[in-house]
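Me: Hi! Could you walk me through this one?
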Amino acid sequence: MRYLEGSRVHKKPPSTSRKPAPWRIALIANLKDEIDWGPDAPPDAGSEFDRRDTLEAIAGALEEDGHWVHICRGDDSLPEVLANLRPHICFNIAEGVGGDAREAQVPALCELLGIPYTASQVLTNALSLDKTRTKRIWRDHGLPTSTFQEFHSPEDNLDPALSFPLFVKPSREGTGMGVDTSAVVRDEKALRQRVDYVLRAYNQPALVEAFLPGREFTVGFIGNPGDPSRRSRPWLYDEDGYHFFPVLEIDNAISISPGVYGHDAKGFDIGVEGAPGYLCPADIPNRLRLRLIDLTKRASKALGVRDVSRIDFRAGTDGRPYLMEINTLPGLNPEVSDLCIMAASEGMAYPVLITEILYLAAERYSLPFEERVHEQTMTEGAHRSMATPGAPWGYASRRQQT
Ligand SMILES: Nc1ncnc2c1ncn2[C@@H]1O[C@H](COP(=O)(O)OP(=O)(O)OP(=O)(O)O)[C@@H](O)[C@H]1O
Ligand SMILES: [Mg+2]
């Protein structure tokens with residue numbers, strides 16, 4: 001167990017009449033390289049998990065705002081850790097482990113324990129992880145998403161509504177897992193081979209959809225439906241309660257996987273050879289920008305998204321944007337995550353992004369802004385605790401709390 005001793009609580013002067021309160025925050029995450037996936041796992045298993053520097057950055061932003069941060073693993077140690085820690089709120093970035101709705105695991109536990117948490121709730125996180133079900137909901141709302149079919153066997157009959165080229169991907173993965181240039185299939189033989197690969201390697205249905213050949217955009221926002229006038233930074237939000245970041249265009253032409261923003265392309269640092277181009281704000285007509293924002297708002301409302309999200313689009317053969325998928329737990333690494341690139345491009349400081357996500361959630365739960373962590377706990381020195389790999393992250397902090 002390692003304590004980051006000596007971190008000071010910086011109580012910034014409030015920017016409005018609503019004074020941010022110091023809360024005891026559980027920052028919940030799954031870290032890369034901490035799970036042994038076993039010999040049968042695909043090579044990109046665990047790619048969507050977070051890097052340690054992401055946790056450091058988020059914890060730093062929260063501490064800078066005056067909070068006490070305890071970093072917790074989103075695994076089977078979490079029920080006991082949370083029950084003992086009793087945080088005022090959880091900052092949830094955990095992707096979860098196993099099952100068909102892993103991104104809903106931490107929200108479900110928080111609901112069970114009655115602890116507030118950031119970002120979307122159980123049902124939304126479960127649905128949004130499942131790309132096929134998400135597309136069904138969008139289609140039902142009359143929103144544009146490419147024609148699709150879910151394959152449970154390589155022998156399934158191909159829906160006559162689908163014609164080649166098609167795109168094949170795992171139905172419940174992220175960070176480009178299972179996606180490379182071979183995901184584009186041009187005939188029946190390649191389709192069935194790729195479906196077979198996805199079913200075997202990822203042990204889940206394969207989503208087969210019409211290939212979208214056009215430009216790729218991603219649209220991120222913070223916010224919730226409702227009157228933003230009582231928020232700590234009300235000027236950030238539109239009248240519906242949302243703040244949209246500048247649209248980010250991904251230029252896949254120059255990447256290691258031309259035309260496809262897949263797992264390998266996502267692994268490169270920005271600007272390095274093999275990485276796609278990131279253009280923010282995208283050079284697009286205002287009409288298209290407004291269309292993307294409107295679709296993002298409607299697609300998010302259809303799913304009940306909360307606090308933060310990012311939706312990926314691609315243009316079809318008709319040049320119009322189609323909804324590809326939603327990330328209700330978008331990456332929050334200050335250097336490489338798409339949402340942070342967007343926020344930086346409009347000049348929003350990283351700590352503002354992080355604390356706004358926190359306050360949006362706090363507002364939903366009517367968390368009393370004046371509530372304070374016991375003064376003794378706040379001044380003992382170890383405002384943050386963090387475990388080394390393999391150690392039970394919650395243990396020392398639990399002792400410290402007693
Ligand atoms: N129907 C499609 N037509 C063309 N390209 C597609 C299609 N679906 C996905 N892609 C390409 O594959 C990439 C990854 O797909 P998708 O966004 O669904 O996966 P992901 O792993 O969930 O992404 P994220 O990293 O955003 O979580 C897209 O960014 C896009 O480049
Ligand atoms: Mg995506």
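Reply: Happy to! Let's start with a pair: aspartate 312 has glutamate 325 in β14 as its bridge partner. Strands here are DSSP E runs of at least two residues, numbered from the N terminus. This is a predicted model, where local features need pLDDT of at least 70 and side-chain atom pairs count only at pLDDT 80 or more, while totals for chains, interfaces and linings use all residues. Residues are numbered from 1 along each chain as its sequence is written, and chains are lettered from A and ligands numbered from 1 in the order in which they are written.

Me: Thanks! How many bridges join β13 and β14, and in which sense do they pair?
Reply: Six, in the antiparallel sense; pairing takes at least two DSSP bridges between two strands. They make a hairpin with five residues between them, and glycine 319 in the turn has a positive phi of about 80 degrees.

Me: And which strand does β9 run antiparallel to?
Reply: β13, through eight bridges from β9 (residues 216-223). Phenylalanine 221 sits opposite serine 309 of β13.

Me: Why is β13 largely enclosed?
Reply: Because seven of its nine residues are buried, that is, 20 or more other C-beta atoms, placed from the backbone, lie within 10 Å of their own.

Me: Switching to the ligand: how many residues surround ligand 1?
Reply: There are 23, the closest being Phe167, Gly174, Leu212, Tyr261 and Glu325. Near means a C-beta atom, placed from the backbone, within 6 Å.

Me: Which strand gives the most to that shell?
Reply: β14, with three residues. β6 (166-170), β13 (307-315) and β14 (321-327) each supply at least two.

Technical notes:
Helices (H or I, at least four residues) and strands (E, at least two) are DSSP runs, numbered from the N terminus. A residue is buried if 20 or more other C-beta atoms lie within 10 Å of its own, exposed if 12 or fewer, and partly exposed in between; C-beta atoms are placed from the backbone.
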